Amino acid sequence: MRPIQVLYIHDFNGSAYEETYKNIEESLKKYPKIILHTISWDLKDSSISVERLNIINYINENKIDILIGNSVGGYIISSINKPKILMNSPLDKMQLGIVGLYPDFYESYNKELWENYGPNNTEDIWICSSSKDNLFGTKSYSLVKNLFTNSNIIRNIFEDEHVLKFENIEKVIDGMFNMIKSNDKLLNRLENITEEDVHKYMKNVQNDSIIDIY
């Protein structure tokens with residue numbers, strides 16, 4: 001049985017193995033049936049549309065089950081219909097404009113997220129906001145609630161700043177585990193994954209030989 005696969009999407013101007021990724025990796029040590037992935041994205045020579053497509057291809061190729069998006073990384077994955085956690089993510093054009101991000105964000109809001117993808121999201125969405133976030137704050141929840149009308153929206157507000165501290169990352173991962181247990185399909189996988197399955201999966205990863213039965 002294939003272990004649960006989680007993909008982390010880093011912040012704007014961040015990196016795949018940034019501090020938040022390392023804190024998630026550390027927090028997942030008590031959940032050995034969950035495998036963490038990460039992928040880089042960059043807008044210097046690309047666009048939101050292209051980077052989102054790259055992420056979707058990675059999700060499909062690696063059979064990702066859950067997404068975690070940090071800040072703008074959460075915006076990029078917000079339109080993908082997978083269970084997801086958005087940590088201090090901008091979900092409003094004004095929020096993006098305040099921090100002076102690329103014009104492509106505006107186009108993707110108008111043509112992709114708001115018009116096309118929102119109604120098709122049926123999976124759980126967990127909005128994690130920080131009360132002391134000086135970039136995006138806690139305003140995103142109502143926007144997401146109105147947009148993703150078919151999704152189960154969960155909300156938590158942490159007494160924290162834009163980059164979540166380790167103790168709050170731990171709470172996010174514990175909450176993600178509860179999301180898994182509330183999803184019948186993922187729960188069935190979780191209950192049937194064995195220690196041998198995890199070892200075999202990791203060995204296949206090292207040998208670059210993941211096979212379809214996983």
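**Entry 1: Leu135.** I looked up Leu135 and found this residue in the loop between β5 and α6 (140-147). I note that the model is a predicted one. Leu135 has a relative accessible area of 36%, so I recorded this residue as partly exposed.

**Entry 2: nonpolar cores.** I found that the largest nonpolar core holds 28 residues. Ile24, Ile34, Ile68, Ile85, Met87 and Met176 have the most contacts inside this core. Among the elements that give two or more residues to the core are β1 (4-9), α1 (19-27) and α8 (184-192). Helix α7 gives the most, with seven residues. I also noted a second, separate core of 20 residues, which includes Ile9, Tyr75, Ile80 and Ile153.

**Entry 3: aromatic pairs.** Phe12 and Trp41 form a tilted pair, with 6.3 Å from centre to centre and 45° between the planes. Phe12 is in the loop between β1 and α1, and Trp41 in the loop between β2 and α2 (48-62). Trp41 has a relative accessible area of 7%, so I listed this residue as buried.

Tyr31 and Phe177 form a stacked pair, at 4.3 Å and 20°. Because Tyr31 lies in the loop between α1 and β2 and Phe177 in helix α7, the pair ties together parts 146 residues apart in sequence. Both residues, Tyr31 and Phe177, are buried.

**Entry 4: a charge over a ring.** I found Arg52 over the face of Tyr75, at 5.9 Å from the ring centre.

Key:
Residues numbered from 1 in each chain as written. Predicted model: local features only at pLDDT ≥ 70, side-chain atom pairs only at ≥ 80, totals over all residues. Heavy atoms only, no water. Core = buried A, V, L, I, M, F, W, Y, C linked by side-chain atoms within 4.5 Å. Buried < 20%, exposed > 50% of the residue type's maximum accessible area, 1.4 Å probe, protein only. Helix = DSSP H or I, 4+ residues; strand = E, 2+ residues; numbered from the N terminus. Phe/Tyr/Trp six-rings, centres within 6.5 Å; stacked < 30°, edge-to-face > 60°. Lys NZ or Arg CZ within 6 Å of the ring centre and 35° of its normal.
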